[in-house]
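Here is a short briefing on one protein chain. Please keep the sequence and the structure side by side while reading.

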Amino acid sequence: MKKYTLILCTLWLGATCMAQNQKVKLGVKAGLNISSLTFDESQLNSSSKTGFTAGFMVDIPMAKNFSIQPELLYSEQGVKSSFSDSDVTNSNYNGTIKLNYLNIPVMLKYYVVKGLSLQAGPQIGILLKANNKYQDNFLGYDHHESFDLKKYSSSIDTSVNLGLGYQFKDKFYADARYNISYSNVFKESDVDYFITNDMKNRVFQLTIGYFF
């Protein structure tokens, strides 16, 4: 309940600031996610997964060199993982956990020079979809499966963003961010689904945008 209250407060803050400031700018953005999940499982090897992100942003000037930028973004995240049993010939596992979120970041921007801003701020992610699609080879026999993981997943992801942004003269905008989650993606561990309850999101994001 507290997490949903935080979502509402975040939206309320953005709406209140917009109503009080007439210099706000509305824009759209899209870009690339390079995501992974951190976990303490020595038998699984993990690698990053690429995905798409897109949505809306609002730039709200607050004071000299400072502004706030709330956003609403669709985000494809997750991780690729693999496992090979050296004791069994021709036995390996390759899977991709796909996590789709509706993310609500609120970024505080400080302009160090004209156009260039340092950014930091909290983010709330609402889980839309979670599954694991994998290929399992045991003694030379291939098996393909896809599991719906949403019922095992936490519905809300809480995290923080750190990054850089640049505002071009012709209304185009670009930024680079690193997202660090401090909540667990899954509520419990399950060896059958290759998930653990200590998995956390990590996302490097590159986007370009346009302010109207």
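**Salt-bridge network and overall build**

Lys29, Glu71, Asp175 and Arg177 are linked in a network of salt bridges. The model is a predicted one. Across the whole structure, a search finds five salt bridges. The protein chain holds one helix and 10 strands.

- Glu71 and Arg177 meet through their side chains in a salt bridge of 2.6 Å, N to O.
- Glu71 sits in strand S4 (residues 66–84) and Arg177 in strand S9 (residues 172–181), so this pair ties together parts 106 residues apart in sequence.
- Arg177 also forms a salt bridge with the side chain of Asp175, at 3.2 Å, N to O.
- Glu71 is buried, at a relative accessible area of 3%.
- Arg177 is buried too, with a value of 2%.
- Asp175 has 4% relative accessibility, which is under the 20% limit, so Asp175 counts as buried.

**A second salt bridge: Asp59 and Lys109**

- The side chains of Asp59 and Lys109 form a salt bridge of 3.0 Å, N to O.
- This pair links distant parts of the chain: Asp59 is in strand S3 (residues 49–63), Lys109 is in strand S5, and they are 50 residues apart.
- Asp59 and Lys109 are both buried.
- For Lys109, the relative accessibility is 0%.
- The side chain of Lys109 also makes a polar contact with the side chain of Tyr111, at 3.3 Å.
- Beyond four places in sequence, the contacts of Lys109 include Asp59, Asn65, Phe66, Ser67 and Gln69.
- Ser117, Leu118, Gln119 and Tyr173 are also among the contacts of Lys109.

**Gln205, a buried polar residue**

- Gln205 lies in strand S10 (residues 200–211).
- Is Gln205 buried or exposed? Gln205 is buried, with a relative accessible area of 9%.
- The side chain of Gln205 makes a polar contact of 3.0 Å with the side chain of Asn33.
- Leaving out residues up to four places away in sequence, Gln205 touches Leu32, Asn33, Thr53, Leu73, Asp175, Ala176 and Arg177.
- Two of these contacts, Asp175 and Arg177, belong to the salt-bridge network.
- Gln205 and Ser35 are 170 residues apart in sequence, yet their C-alpha atoms are 8.3 Å apart in space.

**The largest nonpolar core**

- The largest nonpolar core has 19 residues.
- Leu37, Ile97, Leu99, Leu149, Phe186 and Ile195 touch the most other members of this core.
- S5 and S6 are the elements that give two or more residues to the core.
- S5 gives the largest share, four residues.
- Leu149 touches Ile97, Phe186 and Ile195, among others outside four places in sequence.
- The contacts of Leu149 also include Ala130, Asn131, Asn132 and Tyr193.

- A nonpolar surface patch covers about 1000 Å².
- Among its residues are Met62, Phe66, Leu108, Tyr110, Val112 and Val113.
- Leu116, Leu118, Leu164, Tyr166, Phe168 and Phe172 also take part in this patch.
- Which strands each supply at least two residues of the nonpolar patch? They are S5 (92–113), S6 (116–138) and S8 (156–167).
- S5 supplies the largest share of the patch, with four residues.
- Tyr166 is placed in strand S8.
- The relative accessibility of Tyr166 is 34%, which lies between the limits of 20% and 50%, so Tyr166 counts as partly exposed.
- Phe66 and Leu118 belong to the patch, and both are in contact with Lys109.

**The chain as a whole**

- Along the sequence, the chain follows the pattern α-β-β-β-β-β-β-β-β-β-β.
- The chain has 212 residues, and 45% of them are buried.
- Of the contacts between residues at least 6 apart in sequence, 66% join residues at least 24 apart.
- The accessible surface comes to about 11600 Å².
- Carbon and sulfur atoms account for 61% of that surface.

Note on methods: Residues numbered from 1 in each chain as written. Predicted model: local features only at pLDDT ≥ 70, side-chain atom pairs only at ≥ 80, totals over all residues. Heavy atoms only, no water. Patch = residues over 30% accessible without salt bridge, like charges linked within 9 Å, V, L, I, M, F, W, Y side chains within 5 Å. Areas by Shrake-Rupley, 256 points an atom, 1.4 Å probe, with all protein chains shown as cover. Salt bridge = Lys/Arg side-chain N within 4 Å of Asp/Glu carboxyl O. Buried < 20%, exposed > 50% of the residue type's maximum accessible area, 1.4 Å probe, protein only. Contact = heavy atoms within 4.5 Å. Polar contact = N/O pair within 3.5 Å; in protein donor to acceptor, adjacent residues only side chain to side chain. Core = buried A, V, L, I, M, F, W, Y, C linked by side-chain atoms within 4.5 Å.
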